[in-house]
Amino acid sequence: MKKIIFSIAALFILFITYSQSVFTGLPIPKPVSAVHGIGRFLLPHEITIITGKNTELKKIANRLAIQFRNATNYKVTIKEGTATSTGTIVFLLTADKKIPAEGYRLQVKQTSITITASEPSGIFYGVQSLLQLFPPQIEYTLGSNGSNSNDWTISTTTIEDYPRFAWRGLMLDVSRHFFTKKEVEDYIDEMSKYKFNILHWHLTDDQGWRIEIKSLPKLTSVGAWRVDKTGTFGTFSTPAPDEPRTYGGYYTQEDIKEVVQYAKDRYINIIPEIDIPGHSLAAIAAYPELSCTPGNYQVNSGEQFMVWPSGGHFYGLIDNTLCPANEKVYDFLDKVFTEVAQLFPFDYIHMGGDETARNFWEKTDAIKSLMQKENLQNLDEVQSYFVKRVQAIINSKKKKMIGWDEILEGGLVPNATVMSWRGMKGGIAAAKQGHEVIMSPTDFVYLDYMQGDPSIEPPVYASLRLKKVYDFEPVPDSTNPALIKGGQANVWTEQMYNTRHLQYMTWPRAFAVAEVLWSPRTSRNWDDFIQRVEFNFNRLDMANVKYSRSLYDPIVSVTKKDSVQLVVTLNTEVKDLAIHYSFDNSFPDQFYPVYTTPLLVPKDAATIKMITYRNDQPIGRMMVIPVAELKRRVK
């Protein structure tokens with residue numbers, strides 16, 4: 001009897017251990033439900049993918065076949081039949097209403113794999129989850145890296161899954177720094193793996209106009225180029241008038257069409273943004289007559305041109321706004337939106353509307369005349385007048401308008417969708433008025449913010465750690481959930497000069513955004529999420545995608561004891577890390593003291609150095625903070 005009990009206990013422990021090891025390989029975002037079996041599916045050396053006759057399923061199968069061939073060097077065949085046999089992967093469309101839009105059922109048996117969905121997008125998302133069940137080497141992108149070893153096995157599993165929100169977005173700013181068509185497509189590839197379905201493409205701003213408008217050629221011949229500067233964006237010296245404008249670029253209309261199709265094949269819609277009336281210096285450099293204060297303008301190269309007073313309205317040192325009182329502006333915008341609407345099949349166009357510096361408006365006779373003619377009481381109503389005119393233009397192209405939450409000021413135009421970025425309050429106000437809302441608040445989803453301690457991160461004016469992103473909840477209390485279309489993270493690229501740093505700033509925080517927008521709120525679990533993040537780090541390594549490891553770095557807080565001695569408190573986002581530190585200018589390793597309680601900074605110490613270890617192996621980065629910096633942080 002004891003032997004039987006012992007055997008049962010051993011099997012139970014084995015099952016629990018096995019389940020935990022498999023669980024770390026569950027996808028990001030976390031499925032609605034997942035049930036693991038005790039068997040395994042072995043990927044055969046000759047793989048057959050069965051699609052039926054659906055053209056979209058064949059496209060999905062072709063991309064999956066390429067990935068299998070690159071990673072394994074196995075033979076892959078795609079067939080139209082419906083019969084399931086040993087070793088097959090079957091895509092099956094069904095009329096089963098129990099599978100919601102974009103949802104799927106993934107069944108991994110010992111002999112075969114079946115992905116069932118009510119529409120092709122569900123099959124695509126099921127494939128993304130399937131790939132995350134395989135070892136990270138499945139992300140190899142070159143055939144020479146492939147391996148024909150026999151370890152391509154995954155646990156038998158049944159996953160039932162569907163998204164919480166219909167709008168699951170990432171915004172990519174290509175104005176501040178230009179990214180090539182190929183780099184944008186690579187970004188789309190990465191976001192599609194984690195079930196994002198919206199790319200908000202920020203195509204125009206003060207630093208560059210990135211979309212070809214054939215009826216307005218100077219937008220790209222002039223507006224797409226600026227003086228090349230390297231350093232900290234926003235602090236550069238003012239370029240001389242004769243300095244060559246060599247940095248920049250733009251997308252031809254053919255480029256746009258190709259990117260739109262590339263995204264569509266991955267079930268991502270692209271919403272274009274033409275940011276107006278502010279953020280328009282690139283357009284004004286091309287066509288100065290669009291300003292309320294015509295003159296000689298240049299595309300901004302990263303020098304300061306606006307001021308953001310603490311607690312007050314910001315104002316422009318240079319007029320970077322389109323003039324609401326100038327009829328030429330609306331003729332210009334009609335031409336722009338006519339061509340934009342023809343290039344982007346998605347239902348929406350984003351008109352920006354944020355951070356409009358109005359100090360030049362209030363001094364302009366044309367604006368004063370407009371206010372008198374239209375009975376506008378203040379500059380909020382002037383901007384609202386502009387927004388309403390823009391919406392009429394966008395609607396005339398059979399498109400719906402989205403704007404940043406400033407479009408609420410002066411009275412929101414009917415049927416506009418609000419993207420709330422200045423916290424949640426704009427979205428709450430819009431929802432109370434019955435408008436659709438996309439939540440994109442700075443304090444949770446601005447991926448241009450620093451990810452860790454300022455001592456080790458590229459400098460930006462604010463910080464946003466992974467845990468805070470994971471705490472994002474798009475539906476505020478007492479708000480009608482039906483009006484919250486979803487959420488979006490924004491990647492503003494002032495300080496992102498290249499695609500490697502773009503990747504670094506996006507991942508892993510975009511993992512958290514993906515899970516918040518797809519998975520049930522009740523399933524959120526930080527410790528479980530971190531296990532899956534670490535598993536996906538291995539996948540990113542295999543795919544040569546850069547990411548931040550700042551979640552392993554200490555969180556540093558500074559106070560004073562008796563108003564004199566500095567006290568340093570250290571924490572970590574991740575459990576089971578040891579923080580080793582020193583005050584003696586040497587570099588700590590696993591043999592140095594381990595942080596356990598708040599540290600009193602020695603009177604004559606110059607720096608604190610620290611690094612995290614896991615199981616006696618370094619996992620965080622070496623951080624060096626001068627004591628003088630600690631004193632500044634107390635202030």
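**Ground rules.** I am working from a predicted model, where local features need pLDDT of at least 70, side-chain atom pairs count only at pLDDT 80 or more, and totals for chains, interfaces and linings use all residues. Residues are numbered from 1 along each chain as its sequence is written, and side-chain values use heavy atoms, with hydrogens and water left out.

**Entry 1, the open sheet.** I began with the sheet that holds β1. Seven strands make up this open, mixed sheet, in the order β1-β7-β5-β6-β4-β2-β3. Its edges are β1 (33–42) and β3 (75–79), each pairing on one side only. On average, neighbouring strands here are turned by 15° against each other, direction ignored. For terms, strands (E, at least two residues) and helices (H or I, at least four) are DSSP runs numbered from the N terminus, and two strands pair if DSSP finds at least two bridges between them. The angles run from 0 to 180 degrees between N-to-C directions, with axes as lines fitted to C-alpha atoms, for helices over the stretch in contact. I then looked at β1 against β7 (residues 153–161): they are antiparallel, with seven bridges. V35 sits opposite T158 of β7.

**Entry 2, the barrel.** Next I traced the closed sheet. Eight parallel-paired strands close into a barrel, in the order β8-β9-β14-β17-β18-β19-β20-β21. Its neighbouring strands are turned by 30° against each other on average, again ignoring direction.

I looked up the largest pocket and got about 1,200 Å³ of space. A pocket, on a 1 Å grid over the protein atoms alone, is an open set of points with protein on both sides within 12 Å along at least five of seven lines; a cavity is a set where a 1.4 Å probe fits but cannot get out; lining residues have an atom within 4 Å of a point. Grid points are joined across faces, edges and corners, and the volume is the space filled by probe spheres set on them. Of the 46 lining residues, H279, M306, W308, E355 and Y461 are the closest to the centre. Helix α10 (residues 379–396) gives the most to the lining, with three residues.

I found one cavity of 30 Å³ or more. Q451, L466, P508, R509, S548, S550, L551 and E573 line the largest cavity.

The link is right-handed, with 85° about the S-S bond. C292 lies in the loop between α7 (281–286) and β15 (306–307), and C323 in the loop between β16 (315–316) and α8 (327–343), so the bond ties together parts 31 residues apart in sequence. Are the two cysteines buried or exposed? C292 is buried, at 12% relative accessible area, and C323 is buried too, at 2%. Here buried means under 20%, exposed over 50% and partly exposed in between, with a 1.4 Å probe and protein chains only.

Last I checked β22 (residues 555–561) and β23 (residues 565–571), which are antiparallel and joined by seven bridges. T559 stands across from V567 in β23. The two strands form a hairpin with three residues between them, and D562 in the turn has a positive phi of about 55°.

Technical notes
A disulfide is a pair of cysteine sulfur atoms within 2.5 Å.
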